[in-house]
Every structure is written in structure tokens, then in C-alpha cells.
Amino acid sequence: MTDQTANTPHSLDADQKAKEAYFTASQGQLIWARFKKQRAAMIAACVLVFLMLSGIFAPFLSTYDPTIAGKNKDYTNGAPQFPKFCDDAGCSLRPFVYGVERERSMATNFRWVTKVNTEDRKYIHFFVEGWEYKLFGFIPMDTHLFGAPEGFVHIFGTDQSGKDIYSRTLHAIWTSMKVGSIGVFIAFVLALIIGGISGYYGGWVDSILQMITDAVRTVPAIPLFMAVAAFMPPELSAEARFFYISLILGFIGWPTLARRVRTHLLTERNQEYVLAAQLCGASSGHVIRRHLLPSFTSYIIVDLVISFPYMVLSETALSFIGLGLKDPVNSLGVMLQNVTNADVLLNYQWYFIPVIFFIALVMAFVFVGDGLRDAADPYSDNNK
Amino acid sequence: MLQFAKFVLTRAVMALITLVIVSLVVFSLMELVPGDCAERYLAFKNTQGSSIQIANELAAERVRLGLDRPFLTRWVSWIGGAFQGDFGDSCILRVNIAQLLGSKFYISLGLCLASLALAYAIAIPVGIIAAASSNAFLNNGLRLFSYLGLAMPNFLLALMIMLIGTVYFGETLTGLFSNEYRDAPWSWDKFVDLLKHAWLPIFILGWSATAFALQTVRALMSDEIGKLYVTAAAARGVSGGKLLWRYPARHALGPIVNSLGFDLNRIFNELPIVALILTLTEAGALLIEALARSNDQQLAGAIIFLLTASIVTLNFFTDVLLAVLDPRVRKSIIR
């Protein structure tokens, strides 16, 4: 890239400009320029932004309250309803779903049986008023993107207590993001302190800290995690549980990160440019701030992005076995808690719809992390 | 030879130190838990209907269990027992843990090692081929598979397989033994029966390990394949599989052997949850039982310690194996 030579006179000027822009670009601009070139990572980034936005605006986008307050008692274990524009009776510009009738009698073996009434169209309206919520936690609102004021619409179906799976999925994405962020943040602070001490002092401090870090790393994280989580007092409120879980995630995620911080510090500390800065009379605060930190912030950010999906997956696994988050808080693990029973497996497969979103979320994070890693590495151009 | 013995000895001592640190972590964790074994046992007894004078009984029970001794003494006695395979009694069931775990732990270990073997049996040849070929389709496919292995954790895979199994085949595919063998003593037939059921958990546990191993093998091979000694060997007329196997693969082998321990760690991570979904009756399920249902810290600690000990042991063996394979490793005692 640096030794581009201009062949034609009129491109010389533009080329010069491009070169200038390249040489004066900040690290962030360079990373962004390299990142933009990777198609897979860009697609993943778009998916990620989309999922994040749908998490942030979850209350606005969802049709019903995801907690037990929003249950639809007339449509428990209900199948997904697909909005339609056309049917045998003709088309309409406004999408609609069919109304349903349920009955339970001797004839149906005392199971609830749903009958779709194709005569009865329930039209979907946009920006309808529904349950009240607080957007971003402080703007009170009661407008929702869509809904069926005359009846109900559950595009992903409902679970056994009649809660809307679509609304729960959106809220669950947000929960996962929150848990992951807090967990990553705590792990990061711990890693920075422990790895920093280890890398800064070196010598026997480093040896002992490394020994401990390695020992902690050998313990399988999820069983350890389960052990800590299992002994949470059961009377904790859902919110307290949430913070406790994120805390544990952070406490267990630090060793890998700490090792990276230490390695970066150890290698960077002895680089010539640090020596040069020191010889120029720079104070150690200046060296750390202006030289050492910028040299590995990009790596650290990449590590954080990469460790994010592990946090999310650990939370999911933990909630799934009932040791993590509990009901009023929605997360994928909570939503999947009951799916192993045969009734769900045979009759209510729409319980699995959220899984798709989570695979998308984790995949997006992994791709973005990988893309960022390639982009942040100034030597990656040489390999290609 | 002397050097080799010295190397093995150093590694063994380091493994022991790691185990001691781990035991301290696990033991402090067991201590940090609110409520101790005596309280738990008495609470359990209370639910069983016997009336107890709580305060007196509690103190007596603590003395009987030796819980009144200082932390360090108890830790030393715990770890002393642990190295002899004696983890004391379970908090609630009052059965010796070694007896309770029995063959279950070995079944778990066997399952995990089998999935590790499966992962590398697939990953090594496929990874080498992928690194050597410039087929974009193959490479992108493998990349996608690796990412899927990460994004779709084993327990989700297990759920999906159960879903498909029930919907399309009408079978639940769960459990480790057929009914008639569940409580039978070990015999050849029981072993065969185990193998018949074990393929699914082995496959599921090996799934993401395979994806990771594939990525590692491919990355290492691609690094080595571009090096000059490979070109030199090719120029001497070595070609095809022989070239790959004799030159770059041998160099890439070291880090792969080294990563075995961490892969086992990853498999252990998934074990309890997969065990729960597939209703396997082994140590992973027992761990969940100990944690989620009965809060049995003694049992949980023992299982976690055993899992870690197997990882440390594996790490020790891979280190020794590496030293046998690679003289450079032998010479540097502490890297």
C-alpha cells in the first residue's frame, strides 16, 4: 500500500492525497479502513448493529409485555401467527392474522385445541398503544411498533403461560448484551490490574502471579461457575441475581485476558521506541499514556469483543440449567429451560425460534472480533 | 537421559504445585459458601421429620465433622485425602464420595477423552488438507464450520439433535445404558451397550472441540507451509502427502499437542449441561445434582477437583510427550 506509484499524470495528485491521508491517518481510521475491506466482517457488523438496536428498542418493538403481566391466557402454547396480505377472500393492503378459537372437551381428549377461523381477520395496525414502558429506562411511552388492537398477534407464538415469544426474544437479546458487557468490563478491570502488575514488575511477582493465573485457568470454568452460582442465596431478587451473575462471569473470565495484557506489556516494555522515549527524557507517566497504552488498546478491544460471546454463552448455559437468571428477567437460557420435555419437543417447536437469534448474535460477534483482529494487526497486510 | 529425567521431574513438581493451588481455590470456594456441611445436614434431617435442638446439635455436628478446626488444618487434611482419592463424605447423603462417584467419574472421563480423540482424528487430516489446498470453497466451508462450532455451543446442538430426533425419528436418543444394564455389574455386554449409547454424547461433546482443533491445525499448518524448508524439500523432489507429513506437519505438531489440555478443559465445560440434556448418568450430571438440587459442597468440590486434576495430568503427559518428540523442549526446562 505504501509503495503505490502513480502511472498517469492526472492521478498523481489524487494519489498524493491518498498517500497523505494514509500517512496522517489516526490508528482508528486505519483500523476502520482495513475493517471495511472485509466483507464477512462488515455483514456481521451490520447484523450486530441491527440486533443491538432491536435490543435497545425492545420495548417499542415488542407487541406485548415480556413478563407474566403480558401473558395472553387465551392463547397459551400458541403457534406462531404469520401476518398475511392475501387469502382466498381477497387481498388487503393492511396485513392481517386470523382470529383463533380454542376449545377443550371430551372430543379433543381434554387438550386445548386451537382452531383458526379464516373468516375472522384481525388487522395489524402500526404505532398502536399498548402496555406502558420506559424507553432507555426513563422516557415513559406506551406506543408500540405494531399490534392487533381487535385481537392479538404473536408472530413467534407463545409459551406455556401465554407469554409472547417474540417480545421475550427481543428482551433476551438486550439482557444478554447487558450481562456480557458487565461481565467483560469486570473481567477487563481485573485483567488490567493483575496482568498490569505482573507485566510491569516482572521477575518473581510475575512468576507467582502467572502460576496462580495458570492454575485458575486449568479449572474448567463452567463447573466452577456453576459452583459459585449454585450457592447464591435463593431469596435474591431477579435484579440482584442479574448483577451477581455478571459479577461471577467477570471473575471467571479474567485469566485469559490478564495473560494477554501481561504479554503485551512485557513485549512492548522492552521495545526500542519506549527506550527512545525514555532517553528523550519522557516521564514514565508520559511513556505509559502516549506510547504503551495506544500500542495495545486495539488488541485489548479485540480481545474484549472476542471474549464477549463466551460470556453470553456461559450465561445462557447457566440459566438453562436453572442456576443463572430467573423468570421475570428474560434471557435465552431462561427461555430454553423447559424445552427438553417431550411435550415441547413434539408439539411446540416454536420454543426454539430464539435460538436462531442467539446463534446470529454470537456469530456476528465472532466475525466482527475476527475482522477487528485482522484490521488491528498492522502486519496482516503482508500475509495477504 | 539424565536431562530427560530432570525435565520429567520438574514438570511433575510443577503439576503438583498447580494442583495444590487449584485445591486451595476449590476449597476456599467451598468455605465461602453460606452455611456449612453441618447446617446442611441438619436442615436435610429436619425435612426428613426428625426434630433437633438446633444450636446444640449444630455444635456437636461441627465437632464431629471437624469443622471447628482452623481453615488451614482442614485444607491440609482435605488435600491430603484428595491425593489418596478420599474426599470425605458427601454433605447430605453421608456416603463416602469415592463410593458415590465410583465408576461414574471414569465414564465421564472416558467420554471426554473419546470426544477429544474424535476431534483430533477429524481435525488433523482435514486441517492439513485445508491448509495445503487453495480451494476457496473448502476453506470457506471450514471457516463457517469453525464459527458454527463456536456459536452453537454443544448444549444447543444437543437440544437440536433431540428436537430432530423426536420429530423425525420418534426416538429420544438419551441415556447411557439400556434399562436392563443400568444397575448391572460391569460385564462385556454392559460395555457394548454403553458403546451403543455413547456415540451421540461423544459426537456432541466433540463438536466444538473439532471446530476449534480444525482452526488451530489449519492456522499452524498455513504458517509452516510457506516456510523455506518446505520449499527446499519440494525442490529436492519430495511431494504430495509425503512432503506435507514429513516436513510442515511435524513442526506444527508441537503446539497441537500442547493445546490438548485446553481442549479437554473446554469439553469438561460442556459436560454437565450436555449430560443434563441427554440424561446421562455420570459425573457431570452428578455435579449438577450436587449444585442445583442439594447444595452439596463437599461433592461439588470433589468433582471439580477431579476434573481439574485430569486436565493437569493430561497437561503433564503432553509435556512429556512433547519432550520425547522434540529435543528443543527437553533442553529448556522452564520455558
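Two residues are in contact if their C-beta atoms, placed from the backbone, lie within 7 Å. On that basis, the contact between the two chains takes 37 residues from chain A and 38 residues from chain B. This is a predicted model, in which local features need pLDDT of at least 70 and side-chain atom pairs count only at pLDDT 80 or more, while totals for chains, interfaces and linings use all residues. Residues are numbered from 1 along each chain as its sequence is written, and chains are lettered from A and ligands numbered from 1 in the order in which they are written.

**Confidence**

- The predictor gives the complex an ipTM of 0.73 together with a pTM of 0.76.
- For chain B the mean pLDDT, the predictor's confidence in each residue from 0 to 100, is 76, and 79% of the residues of chain B reach 70 or more.
- Where pLDDT is low, the predicted coordinates should not be read in detail.

**Where chain A meets chain B**

- H6, helix H7 (221-230), helix H10 (284-320), helix H12 (342-347) and helix H13 (353-376) of chain A each supply at least two residues of the side that touches chain B; helices here are DSSP runs (H or I, at least four residues), numbered from the N terminus.
- H7(A) gives the most to this side of chain A, with eight residues.
- By class, the side of chain A that touches chain B has 32 nonpolar, four polar and one charged residues, where Ala, Val, Leu, Ile, Met, Phe, Trp, Tyr, Cys and Pro count as nonpolar, Asp, Glu, Lys and Arg as charged, and the others, Gly among them, as polar.

**Domains of chain A**

- Chain A is assigned domain 1 (68-161) and domain 2 (168-383), with bounds that come from an automatic or database domain assignment.
- The contact between them takes six residues from domain 1 of chain A and five residues from domain 2 of chain A, and the domain 1 side comprises three nonpolar, two polar and one charged residues.
- The C-alpha centres of these two domains of chain A lie 39 Å apart.

**A helix pair in chain A**

- In H5(A), A:Ile194, A:Ile197, A:Ser198 and A:Tyr201 meet A:Gly203, A:Val205, A:Asp206, A:Leu209 and A:Gln210 of H6(A).
- The residues of this contact of H5(A) with H6(A) divide into five nonpolar, three polar and one charged.

**Chain B**

- The secondary structure of chain B comes to 15 helices and zero strands, strands being DSSP runs (E, at least two residues).
- Of the 335 residues of chain B, 37% count as buried, that is, 20 or more other C-beta atoms lie within 10 Å of the residue's own.

Note on methods
A residue is buried if 20 or more other C-beta atoms lie within 10 Å of its own, exposed if 12 or fewer, and partly exposed in between; C-beta atoms are placed from the backbone.
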